Structures are given as C-alpha cells and as structure tokens.
Amino acid sequence: MIKSLRNDENGASMIEFALAAPAILMFVIGIAQLGMLCMADAGLRAAVAEGARTASIFRVPAPDDDALDAIIVARIDDAAWGMADEHKGEPEIVHGEDDECRDYVDISMSYTAPLDFIFLELPSVTLTETRRVYKQVQDCSTGSSNSSSSSGGSTSTSSSTSSGASSSS
C-alpha cells in the first residue's frame with residue numbers, strides 16, 4: 001500500500017499552490033503599494049508646484065505675507081490628489097531674501113505613506129517636496145516688472161518607524 005501512495009500524484013498541484021500562493025500574494029500587494037506610493041508622490045509634486053505657481057504670480061507689493069500664505073495653502077489643498085488627508089503634512093511657507101537681494105518663497109510639504117502588507121508590519125515612508133519661487137518685483141523707476149522663476153523642486157524620501165517618528169533627509 002505504501003508503494004501505491006508514493007506513486008500517487010493526486011493533490012500535488014494543490015500543495016504546490018499552497019506553498020507558492022503567499023509569495024505571489026505578497027508580490028501583488030507590493031506592486032499595489034508601490035503604485036499608491038507613486039500616485040501620492042505625483043500628487044505631492046503637483047500640489048507643491050501649484051502652490052509655487054500661485055506664489056509666482058503675485059507681484060510685490062502684494063497682499064501681506066499672511067494673506068499670500070493663506071492663498072498658497074488653499075491652492076495646494078485644492079491641487080493635492082492621491083493622498084489621504086490624515087497622512088498629509090501642513091504646507092510650510094518661508095519667505096526670504098537671497099544673497100542678491102531677491103525675494104523668494106520656499107514651499108515644502110510632506111506626506112507620510114503607510115505601507116500595508118497585511119501580514120507584514122513595515123515602517124511608513126515619508127515623502128517631502130520643496131520648491132523655491134522668486135517673487136515678481138515691481139520696478140518703481142520704469143513701471144516694469146521682473147519675471148519670477150521657480151527653481152526645480154527637490155523630493156526626498158525617508159523611512160520612519162511605525163511609532164510615528166520620522167526622519168527627513
């Protein structure tokens with residue numbers, strides 16, 4: 001009887017599937033998580049770029065910085081897509097002047113993307129986007145304005161522990 005059971009291959013496919021199914025399931029979930037992470041990164045970039053465009057169209061003297069900041073934050077919130085509201089960070093807006101006495105606005109925002117692999121607990125990933133925009137300045141002597149420009153955004157990604165503390169680069 002044992003010899004007949006050794007040669008019997010009924011059910012072998014089911015056992016092979018049971019061994020391979022968890023790896024295949026984790027691969028499919030990983031692809032979905034990577035897609036959601038890429039979508040959140042694209043939404044973060046689009047939102048900060050929209051805030052930079054908004055900051056660049058206001059000429060100085062414009063509304064005071066607090067009013068300008070409120071307008072920029074509203075445009076960023078309207079343009080943000082692909083991100084859950086509970087994981088979005090507040091946009092940070094910093095006004096300054098560079099070495100050549102040009103006024104600028106730095107706009108940065110972060111998003112903490114949780115990774116959910118059902119069986120596996122992984123730390124969340126923090127995405128950060130920063131843009132610097134040079135403001136348009138009204139030239140009082142000629143009545144013309146210098147155009148504004150936006151220096152390319154930089155994105156950094158970092159991993160954080162599941163307790164909520166994050167590191168940024």
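**Close-up views of a predicted model**

**View 1. Ala79 and its surroundings.** Ala79 touches Ala46, Ala47 and Glu50, leaving out residues up to four places away in sequence; contact here means heavy atoms within 4.5 Å. This is a predicted model, in which local features need pLDDT of at least 70 and side-chain atom pairs count only at pLDDT 80 or more, while totals for chains, interfaces and linings use all residues. Residues are numbered from 1 along each chain as its sequence is written, and side-chain values use heavy atoms, with hydrogens and water left out. Ala79 is found in helix H3; helices (H or I, at least four residues) and strands (E, at least two) are DSSP runs, numbered from the N terminus. With a relative accessible area of 19%, Ala79 is buried. Buried means under 20% relative accessible area, exposed over 50%, and partly exposed in between (1.4 Å probe, protein chains only). From C-alpha to C-alpha, Ala79 and Val48 are 8.3 Å apart in space, though 31 residues apart in sequence.

**View 2. The two sides of helix H3.** Helix H3 covers residues 65-79. Its buried residues are Leu68, Asp69, Ile72, Ile76 and Ala79. They cover an arc of only 100° around the axis, which puts them on the same side of H3; the arc is that of the directions from the helix axis to the C-beta atoms. An α-helix has 3.6 residues a turn, so residues three or four places apart point the same way. Turned away from the buried side of H3 is a face with the exposed residues Asp66 and Asp78. What do the buried residues of H3 pack against? Their partners are H2, strand E2 (92-97) and strand E3 (103-113).

View 3. Strands E2 and E3 run antiparallel and are joined by six bridges; two strands pair if DSSP finds at least two bridges between them. His95 stands opposite Val105 in E3. Five residues lie between the strands of this hairpin, where Cys101 takes a positive phi near 60°.

**View 4. Along helix H2.** The 46 residues of H2 (residues 12-57) should span 68 Å at 1.5 Å a residue, and its end C-alpha atoms are 68 Å apart, which agrees. That expected span is 1.5 Å times one less than the number of residues. At Ala20, shortly before the proline Pro22, H2 has a kink of about 35°; the bend at a residue is the angle between axes fitted to the seven residues ending there and the seven starting there.

**View 5. Gln33 in helix H2.** Gln33 lies in H2 and counts as buried at 11% relative accessibility. Leaving aside neighbours within four places in sequence, Gln33 is in contact with Pro114, Leu115, Asp116 and Phe117.
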